Amino acid sequence: MACHLLVTDFTLPLKSPKLSYLSEQQKGRSNGSQKVSRTIAYYGLKTPPYNLDALEPYMSKNALEVHWGVHHRGFVEDLNKQLGKSDLLYGYTMDELIKATYNNGNPLPEFNNAAEVWNHDFFWESMQPGGGDMPKLGLLQQIEKDFGSFTNFREKFVEAALTLFGSGWVWLVLKRQERQLAVVKTSNSINPLVWDDIVY
């Protein structure tokens, strides 16, 4: 969902352990004047697929400017700062980065920012001006089968959101083994990408 911006800096002095085979005489001649290219990957802030006032009256332009323009932007910028310190996580897609940094339930520092970037990208894509239509393509039938009716599902989803303590997310997920939809609450940055048995 997020994009990569590649920046190459040719002004960095060469400090590579791969050149340890150089003789002391060769090293002395370079005097650190050799330059190398360093490629840095950045994740970009994805723009919502509508104008910032398009969700009014349900979400005001001001609320969207703060939530997208400040909070979401902050997660992207903080993630890029973290990733800029090491090449260890270079080249991961956002999904791969989240799974790798979740670290089997022992999240690495990059996890929270990566997951929040993904969660917010998903959040903006999940809404549209004028509200959503009824689910299609078999989803409505599955909702009716698993919740009894669309109204029951909506009530359960809203109740989960209203009773979520602190920061977190509410998801409609498909539990693969049971082949059943469920409403799931997660705290903080946790999202369905880190569960093996869930399709979001």
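W118 is found in helix α4. The model in which this residue sits is predicted, and helix α4 (residues 109-125) also holds H120. In the whole protein there are six helices and five strands, arranged along the sequence as β-α-β-α-α-α-α-α-β-β-β.

**Overall architecture**

- The protein has 200 residues, of which 30% are buried.
- Of the contacts between residues at least 6 apart in sequence, 57% join residues at least 24 apart.

- W118 and M94 are separated by 24 residues in sequence, while their C-alpha atoms are 7.1 Å apart in space.
- Helix α3 (residues 94-102) packs with α4 at an angle of about 145°, and the two axes are 9 Å apart.
- The contact draws on M94, D95, L97, I98, T101 and Y102 from α3, and on E110, F111, A114, A115, V117 and W118 from α4.
- By residue class, the contact of α3 with α4 comprises nine nonpolar residues, one polar residue and two charged residues.
- The crossing of these two helices, α3 and α4, is left-handed.

**Y102 in helix α3**

- Y102 belongs to helix α3.
- Its relative accessible area is 19%, so Y102 is still classed as buried, for which the value must be under 20%.
- Between Y102 and A115 there are 13 residues of separation in sequence and 9.0 Å in space, taken from C-alpha to C-alpha.
- Not counting residues up to four places away in sequence, Y102 touches P107, F111, I190 and V194.

**The annotated histidines**

- An unreviewed UniProt entry places the feature "binding site" at H67 and H120.
- These positions span 54 residues in sequence, yet no two of their C-alpha atoms are more than 9.1 Å apart, so they gather at one spot.
- H67 lies in helix α2 (residues 61-83), whereas H120 is part of helix α4.
- H120, at 3% relative accessibility, counts as buried because the value is under 20%.
- Neighbours within four places in sequence aside, H67 is in contact with H72, H120, F123 and W124.
- With residues up to four places away in sequence likewise left out, H120 touches H67, H72, F75 and W169.

- Strand β3 (residues 168-175) and strand β4 (residues 180-187) pair in the antiparallel sense over eight bridges.
- Within this pairing, G168 stands opposite S187 in β4.
- The hairpin has four residues between its strands, and one of them, R179, takes a positive phi near 50°.
- R179 has this positive phi although it is not a glycine, and its place is the loop between β3 and β4.
- The relative accessible area of R179 is 65%, so this residue is exposed, the threshold being over 50%.

**Other backbone features**

- L137 is not a glycine, yet has a positive phi of about 55°.
- The loop between α4 and α5 (139-147) contains L137.
- L137 has a relative accessibility of 89%, which means that it counts as exposed, the threshold being over 50%.
- From E56 to P57 the peptide bond is cis, with omega near 10°.
- P57 lies in the loop between β2 (35-43) and α2, and α2 is the helix that holds H67.

How values were computed: Residues are numbered from 1 along each chain as its sequence is written. This is a predicted model: local features need pLDDT of at least 70, side-chain atom pairs count only at pLDDT 80 or more; totals for chains, interfaces and linings use all residues. Side-chain values use heavy atoms; hydrogens and water are left out. UniProt positions are given in the numbering used here, feature names are shortened, and annotations may be inferred rather than shown by experiment. Contact means heavy atoms within 4.5 Å. Buried means under 20% relative accessible area, exposed over 50%, partly exposed in between (1.4 Å probe, protein chains only). Axes are lines fitted to C-alpha atoms, for helices over the stretch in contact, and angles run from 0 to 180 degrees between N-to-C directions. A crossing is left-handed if the near helix is turned anticlockwise from the far one by less than a right angle, and right-handed if clockwise. Ala, Val, Leu, Ile, Met, Phe, Trp, Tyr, Cys and Pro count as nonpolar, Asp, Glu, Lys and Arg as charged, and the others, Gly among them, as polar. Two strands pair if DSSP finds at least two bridges between them.
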